[in-house]
Amino acid sequence: MSRTESMAQLARIADTAACGAEDLARHREACTTDAQTAAAGGDTQAPSASRRQFLLGAGAAGIAASAGTLLPAGLAAAARLRKQATGNGGVAVVGAGLAGLSCAAELARHGIAAKVFEADWRVGGRCRSLRGFFHGQVAELGGEFIGASHHTMLGYARELGLTLEESAVFPGERFYRFDGQRYTEAQVVEEFAAFTASIREDLALLRHPTADAYSETDQFFDFMSLDDYLTLHGAGSLLRGLISTAYAGEYGAGIDALSAVGFLRFVQGDRRGKFAPFGAFTDRHFHVVEGNDRIATGLMERLPAPVAFGHRLVEVRKRGSGRIRLTFDTGGGRSVSTEHDSVVLTLPFSVLRGVELHRSLELPAWKRDAIARSAMGHHDKLIVGFSSDYWHTLHGCNGSGFSDRAHLQSVWETNPAAAGAHGAILSRYCGGPAVGALSGHDVQADARAFLAELETVLPGALREAKYNTRGDVWAHAERWSRNPLSRGSYSAPQPGYFTTIAHNEGKAVGNLLFAGEHTSSFYEWQGFMEGAALSGLRAAAEALQSANTAPQPVIRTGGNQRAATGTAAPAVANGLGRAVRTPAAPRASGPSGRPAPAGRGVRAREFAQLGDDQR
Ligand SMILES: Cc1cc2nc3c(=O)[nH]c(=O)nc-3n(C[C@H](O)[C@H](O)[C@H](O)COP(=O)(O)OP(=O)(O)OC[C@H]3O[C@@H](n4cnc5c(N)ncnc54)[C@H](O)[C@@H]3O)c2cc1C
């Protein structure tokens, strides 16, 4: 599962490239037939008449979210707790993104009313939907795709009674454009196939390095950039263009700023030893038709106490009593301080770096280092309205494709289920160094540059785009790196990350706990909404343990859920009452100040791959 269409496409290409010669020949033949059909003016996919029906019927209905039966109980429990959530003491959660909200909802389910503080005036953080801008449609400004194996997020959607649309079922061709040339998928697959043998050999040597446990070989690949890795194996220009574009889109960083381990472990997220590039990543992905941030608001509505908005954390220190004191800037030169038995910080480290973490907290060097050096990717999302889905009706294209041009790096259709006579939306996603090539503040300049590029690949873009009465393109841009509450898009593992930082992000330091997508392991769902939600559940389990109010832990067979401390991580629900498995809670530091080696818990990602009967 990836966050971008470009990565999903690369995943499919890699999968095909890794299959046997016979399959490759079949794929080549299928592509040729498709191309001939298209050249003859035919549609290469399902008949367009049933396009929307196909989506709404097979795509959405298959997993249509139903109203959750647990909601009334959740509300009743919330009402009982409402009184407790005021004033000092107890657990504080800072940040009301998906991590903070899932943590607070889970605590509420266990009878603990956490106080939630948020700098902004809304919940959701980097999960934010745009409504009322494009007639009848909802676009995503941040987190967009929810993978088929993102059980926590899908569980929330289901229990909140939200509707899901499946993006990947959309029929139609994709485009690939590099060095000014348009390529067929067959050409791209061919080029990737030559590269898979090298990847397979390197994967045989590589473990799953973390700052606690790594070999010399792991370190060698970790400090090697993806750029150097491609050079080492003599990747051709098409493959280099393809991989750099897909990785810039996926991680928001150039291939010179990403660890080769990230690439190798992404192409084989599956730890069962079988070589299956991207095989662990289904490209089935979903979107909440009402907007993904309905999950955030749904969780907020079920909290026992209102979120304290407009509270920007500026300082954290420890009192002699062992309690943690938080100081917030509440605007207009005012500040407030509160004290708590334990605190969960969910701010991205890029933002936490600007918060005074007082020496009384006695943060160990490895924690300070993780906070100081964890890297964030940079992304820019441009969303443009069209009067119709002309890419499909005129070109048999599903609206997605990618290229090496900054203004056309990665493109897909957003909220296709709600497209119709009133229009359709394309999202242009740009990440990494290319973000610098965009015009920054001028949305119109970016929108026009995007349309001009799109016109060369899918003619009709300039005519079909929607304009207002002043002649401005109907477009919205979201620049996450300029947002002081995120200072980037999501985690991007830089060279050296795996063997010096990985897994230190989420470890608690006494009663100071950490959650957020960045604290989810790379081998789990770091950088994803699912990772944020799971990290919140894990932090809730830690807070419950430290408050000594945890229910009897459930120890699973095989001991896979057993935390390295010898205690089992409690089985927790997704905050609305439905049990999900959390990864084993990261451990606090050992006596030496260095964390003890990681236990081998079932990774959320692997867990997701098991059939229900295997769980
Ligand atoms: C452009 C983009 C595309 C993405 N695409 C996908 C995708 O397709 N699929 C996917 O699964 N994920 C995607 N993601 C990632 C996903 O959105 C995030 O991983 C997830 O939303 C992070 O949640 P969080 O709770 O960890 O952090 P956040 O959402 O950042 O929550 C942190 C909260 O802390 C608040 N805060 C910040 N500073 C302070 C302070 N000083 N004091 C108090 N509060 C503060 C913030 O306002 C915010 O509400 C995308 C993200 C971006 C930006």
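# Close-up views of a predicted model

The protein has 20 helices and 22 strands. All the views below are taken from a predicted model.

**View 1. The protein as a whole.** Of the 615 residues of the protein, 55% count as buried. Among contacts with a separation of 6 or more, 76% are between residues 24 or more positions apart.

**View 2. The shell around the ligand.** The ligand is surrounded by 41 residues, and the closest are G95, G97, G125, G143 and A532. Two or more residues of the shell come from each of α5 (98–109), β10 (312–318), β15 (379–386) and α19 (529–546). By residue type, the shell divides into 19 nonpolar, 13 polar and 9 charged residues.

**View 3. The largest nonpolar core.** In soluble globular proteins, nonpolar side chains tend to be buried together. Here the largest nonpolar core has 150 residues, and V94, A104, V344 and V384 have the most contacts inside it. Helix α19 gives the largest share of this core, 10 residues.

**View 4. V384 and its contacts.** V384 is one of the residues with the most contacts inside the largest nonpolar core. Neighbours within four places in sequence are left aside in this view. The contacts of V384 are then I425, L426, R428, A447, F450, A465, V473, W474 and A475.

**View 5. I425 in strand β18.** I425 lies in strand β18. Is I425 buried or exposed? I425 has 27 other C-beta atoms within 10 Å, so it counts as buried; the cut-off for a buried residue is 20 or more. Leaving aside neighbours within four places in sequence, I425 is in contact with F134, Q137, A139, I383, V384, G385, E413, T414 and N415. One of these contacts, A139, is 286 residues away from I425 in sequence, yet the two C-alpha atoms are 7.9 Å apart in space.

**View 6. N415 in a loop.** N415 is one of the residues in contact with I425. The loop that holds N415 runs between β17 (410–414) and β18 (424–431). Most residues other than glycine have a negative phi. N415 is not a glycine, but its phi is positive, near 50°. N415 has 26 C-beta neighbours inside 10 Å and therefore counts as buried.

**View 7. H503 in another loop.** H503 also has a positive phi in a residue other than glycine, with a value near 80°. The loop in which H503 lies is between α18 (497–500) and β20 (512–514). Is H503 buried or exposed? H503 is buried, because 23 other C-beta atoms lie within 10 Å.

**View 8. Strand β10 and its partners.** Strands of a sheet pair through backbone hydrogen bonds, either parallel or antiparallel. Strand β10 pairs with β11 (residues 324–331) in the antiparallel sense, over 6 bridges. In this pair, R317 stands opposite R325 in β11. Strands β10 and β11 form a hairpin with 5 residues between them. G322, in the turn of this hairpin, has a positive phi of about 95°. With β14 (residues 356–357), β10 pairs in the parallel sense over 2 bridges. Here E315 stands opposite E356 in β14.

**View 9. A sheet of three strands.** An open sheet is formed by 3 strands in the order β5-β9-β6, with antiparallel pairing. Why is one side of β5 and of β6 left without a neighbour in the sheet? β5 (146–147) and β6 (164–166) stand at the edges, and each has a single partner strand, so one side of each is left without a neighbour. Between β5 and β9 (residues 285–288) there are 2 bridges in the antiparallel sense.

**View 10. Helix α6.** How many of the 9 residues of helix α6 (residues 151–159) are buried? The number is 9 of the 9, so the helix is largely enclosed by the rest of the structure. The buried residues of α6 include H151, R158 and E159, as well as M153, L154 and Y156. After α6 comes G161, which has a positive phi near 75°.

Notes
Residues numbered from 1 in each chain as written. Predicted model: local features only at pLDDT ≥ 70, side-chain atom pairs only at ≥ 80, totals over all residues. Near = placed C-beta within 6 Å. Helix = DSSP H or I, 4+ residues; strand = E, 2+ residues; numbered from the N terminus. Nonpolar A, V, L, I, M, F, W, Y, C, P; charged D, E, K, R; others polar. Pairing = 2+ DSSP bridges. Buried ≥ 20, exposed ≤ 12 C-beta atoms within 10 Å, placed from the backbone. Contact = placed C-beta atoms within 7 Å. Core = buried A, V, L, I, M, F, W, Y, C linked by C-beta atoms within 7 Å.
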